[in-house]
Amino acid sequence: MRIDAIILRELHMPLLHPFETSFGATTNRRVLLAEVHSEGLVGWGECTATERPFFSGESTDSAWQVIVQELGPKLASEQPQHGGDCPRIFRQVRDNRMAKATLENAIWDIEAQREGVPLWQLLGGVQETIPCGVSLGIQPSIAELLDVIERELAAGYQRIKLKCKPGWDVEVFEQVRKRWPEITLSCDANSAYRLRDADHLIGFDAFRLLMIEQPMWHDDFYFHALLQKRLETPICLDESIHNRRDALAAIEMESCRIINIKLGRVGGFSEAIAVHNAAQERGIPVWCGGMLETGIGRAHNVALSTLENFSLPGDVSASARYWAEDIVEPEITVSPAGEIAVPDTPGRGYEVRADLVERLTVRKEKIRAMELVG
Ligand code: OSB
Ligand code: MG
């Protein structure tokens with residue numbers, strides 16, 4: 001496909017509610033969107049980098065810089081035939097996976113439109129409805145958390161994931177389990193614990209959690225394997241898994257029994273599919289994580305979640321949980337059974353509201369091809 005233009009945008013969008021993890025709270029999202037024009041079609045990609053480099057080493061500003069100076073010019077100088085050509089085009093640039101995913105996913109988005117098939121079918125998806133869970137940030141009090149859980153269960157969500165950290169864990173789980181002994185419950189520490197906390201973490205077994213997500217260091221396999229040996233509860237790795245090789249290492253070392261796949265964290269659809277397949281071949285279930293995305297990233301997460309081995313409820317939930325008004329039409333909605341029905345229209349299946357995107361844009365840059373940049 002001929003790349004006619006790449007426009008990078010930054011949008012400012014306030015979250016309906018602040019979202020707090022063990023590494024900090026987010027109130028306002030700075031969202032990067034890539035708008036790629038090719039032969040009359042427009043593909044969109046959303047960058048999942050956080051405002052500050054606390055989840056991974058990437059941030060809104062680092063991704064902006066790498067896309068404008070490196071990845072955008074490389075892509076604009078090529079004629080990729082498929083989204084799957086992007087990893088080769090970007091190979092010279094190390095890391096920066098969220099920046100790479102922004103552009104690669106936009107190319108898949110165009111490819112699905114060009115082929116006239118739903119994006120999820122182009123990816124090889126087979127599930128027409130996907131099971132949904134919610135990720136609940138750290139709340140000001142346990143009482144407030146219980147109210148939020150009650151609301152999300154009433155909305156139909158199939159799994160409640162609690163963000164946790166030292167001081168916001170066993171007491172919280174105790175109260176939640178007292179009220180709801182049987183719900184599917186998990187927790188996500190975003191790397192908040194250390195080896196000295198191992199005995200404390202083993203205490204989590206009492207709460208019959210579906211999994212404990214990324215309890216220790218963001219870049220570790222070895223110590224998670226030691227911990228997993230002592231835990232009954234499955235460990236799920238998020239931050240540690242950047243690609244298929246990481247997934248193979250984690251599975252081989254028994255660092256985890258479940259993998260969270262995030263498009264940005266692994267660098268885009270190609271690598272996400274490779275991680276999915278590697279896990280499937282080894283009997284390790286996966287689910288799709290979230291990064292507080294707008295409808296564009298959310299639509300891409302929905303499409304990815306249709307692959308066969310996405311067998312656990314993910315963190316892909318309704319637009320209305322995050323945004324007063326989402327930038328896609330229709331918004332992403334979840335049924336009372338806690339499922340998203342996957343769109344059967346060509347492409348991503350959710351139209352981008354170009355007028356609203358334009359209104360929310362605070363910075364915009366047209367990317368120049370490599371030979372023009374020099
Ligand atoms: O670890 O899953 C995470 C949000 C920001 C950074 C890391 C994480 C999260 C979430 C959000 O849990 C889940 C969602 O988008 O609903
Ligand atoms: Mg996580």
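**Interface between the two domains**

**View 1. Buried area between domain 1 and domain 2.** In this predicted model, domain 1 and domain 2 bury about 3600 Å² between them. Carbon and sulfur atoms account for 65% of that area. On the side of domain 1, Phe55, Arg97 and Arg353 supply 19% of the area buried against domain 2, more than any other three residues.

**View 2. Division of the protein into domain 1 and domain 2.** Domain 1 is made up of residues 5-116 together with 353-367, and domain 2 spans 121-351. The centres of the two domains, taken over C-alpha atoms, are separated by 22 Å. To the contact, domain 1 contributes 41 residues and domain 2 contributes 46 residues.

**View 3. Salt bridge of Lys165 with Glu20.** The closest N and O atoms of this pair, Lys165 and Glu20, are 3.8 Å apart. Between domain 1 and domain 2 the count is three salt bridges. Polar contacts across the interface of domain 1 and domain 2 number 16 residue pairs, both residues being at pLDDT 80 or more.

**View 4. Elements on the side of domain 1 that touches domain 2.** Two or more residues each come from the strands β1 (5-21), β2 (24-38) and β3 (41-47) and from the helices α3 (97-115) and α13 (354-360). Of the elements, α3 gives the most, with eleven residues. By residue class, this side of domain 1 holds 20 nonpolar, twelve polar and nine charged residues.

Technical notes
Residues are numbered from 1 along each chain as its sequence is written. Chains are lettered from A and ligands numbered from 1 in the order in which they are written. This is a predicted model: local features need pLDDT of at least 70, side-chain atom pairs count only at pLDDT 80 or more; totals for chains, interfaces and linings use all residues. Side-chain values use heavy atoms; hydrogens and water are left out. Domain bounds come from an automatic or database domain assignment. Contact means heavy atoms within 4.5 Å. Buried area is the accessible area (1.4 Å probe) that two parts lose on being put together, summed over both. A salt bridge is a side-chain nitrogen of Lys or Arg within 4 Å of a carboxyl oxygen of Asp or Glu. A polar contact is a pair of N or O atoms within 3.5 Å; within protein, one must be able to donate a hydrogen and the other to accept it, and residues adjacent in sequence count only if both atoms are side-chain atoms. Helices (H or I, at least four residues) and strands (E, at least two) are DSSP runs, numbered from the N terminus. Ala, Val, Leu, Ile, Met, Phe, Trp, Tyr, Cys and Pro count as nonpolar, Asp, Glu, Lys and Arg as charged, and the others, Gly among them, as polar.
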